[in-house]
Amino acid sequence: RQYIGGTLTGQPIVDALLAYKRKECDDRGIQLEMETTAFPLEGFSGEEYVGILGNLLDNAMEAAERTTKPWVRLKSFKASGQWILEVTNSKPIDEAPLAGNMETIKEDKKNHGLGVKIVKRIVKKYRGVVNYRDYEDSFEVMIAIPLAEIEGRNTGNVEVPDSLLKIDIATGKYIAVGPIEGFANDINDMSYDYSTSTMWAVAQNATNSYSELFTINLETAAT
């Protein structure tokens, strides 16, 4: 409670965590910038909020601390039905975390490096994606999770998919490919074949009595 220093997101657990991380950054000489224009207030458990934000900020702070001018930036916003979370930090130019498959550089690998796996597990639960970008002197982690998944798991009513979007990873912009049809339920699983521009999606029928297999053209959204 002693770290609650104001309302940043409207979610008490997250506000307390961010206030604590702000104090940590101040104590360690790290410049922290936070822009939380939108934040999901329901859907995640307290452990999941901490699992995502705590681990991403801890990793960012550790890397930033190894630079001469350490900084960390957090952005949270909504776009095209997605919750987007970006955590960017300064890092040494000679470090290449992607080359090491995001493994910890600490010697005690058995007891460190679990944060990345925890984040991936939570994001996968909500059918989101995690993207990493190395800019040599900085590093960015971007998470995109459908708001329907977050809100739907809280209400028990997930929205039916009705459109296909694709994201330009370089710019973070979403492009609407087109409407998709025929779904009576949310998608349970999917797979891609980029050589044929095809996505396969499995969803239950309207009465949940059997599963249906859909093919979706990634270029036209034809279903």
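Trainee: Is the crossing of α2 and α3 left-handed or right-handed?

Mentor: In this predicted model, the axes of α2 and helix α3 (residues 114-125) come within 9 Å and cross at roughly 140°. As for the sense in which α2 and α3 cross, it is left-handed.

Trainee: Which word describes how α2 and α3 lie to each other, parallel, antiparallel, perpendicular or oblique?

Mentor: Their axes cross at roughly 140°, and only angles over 145 count as roughly antiparallel, while 65 to 115 count as roughly perpendicular. The angle therefore falls among the rest, and α2 and α3 are oblique.

Trainee: How many nonpolar residues are in the contact of α2 with α3?

Mentor: From α2 come Glu48, Gly51, Ile52, Asn55, Leu56 and Asn59, and these meet residues of α3 that include Val116, Ile118 and Ile122. Sorted by class, the contact has four polar and two charged residues, and the number of nonpolar ones is six.

Trainee: Which strands stand at the edges of the sheet?

Mentor: The sheet is open and has mixed pairing, with its five strands in the order β1-β2-β3-β5-β4. A strand at the edge has a single partner, so one side of it is left without a neighbour in the sheet, and this holds for β1 (31-36) and β4 (129-134).

Trainee: Which residue in β5 stands opposite asparagine 131?

Mentor: β4 pairs with strand β5 (residues 138-146) in the antiparallel sense, over six bridges. Across from asparagine 131, the residue in β5 is methionine 142.

Notes:
Residues numbered from 1 in each chain as written. Predicted model: local features only at pLDDT ≥ 70, side-chain atom pairs only at ≥ 80, totals over all residues. Heavy atoms only, no water. Pairing = 2+ DSSP bridges. Helix = DSSP H or I, 4+ residues; strand = E, 2+ residues; numbered from the N terminus. Axes fitted to C-alpha atoms, helices over the stretch in contact; angles between N-to-C directions. Parallel < 35°, antiparallel > 145°, perpendicular 65-115°, else oblique. Left-handed = near helix turned anticlockwise from the far one by under 90°. Contact = heavy atoms within 4.5 Å. Nonpolar A, V, L, I, M, F, W, Y, C, P; charged D, E, K, R; others polar.
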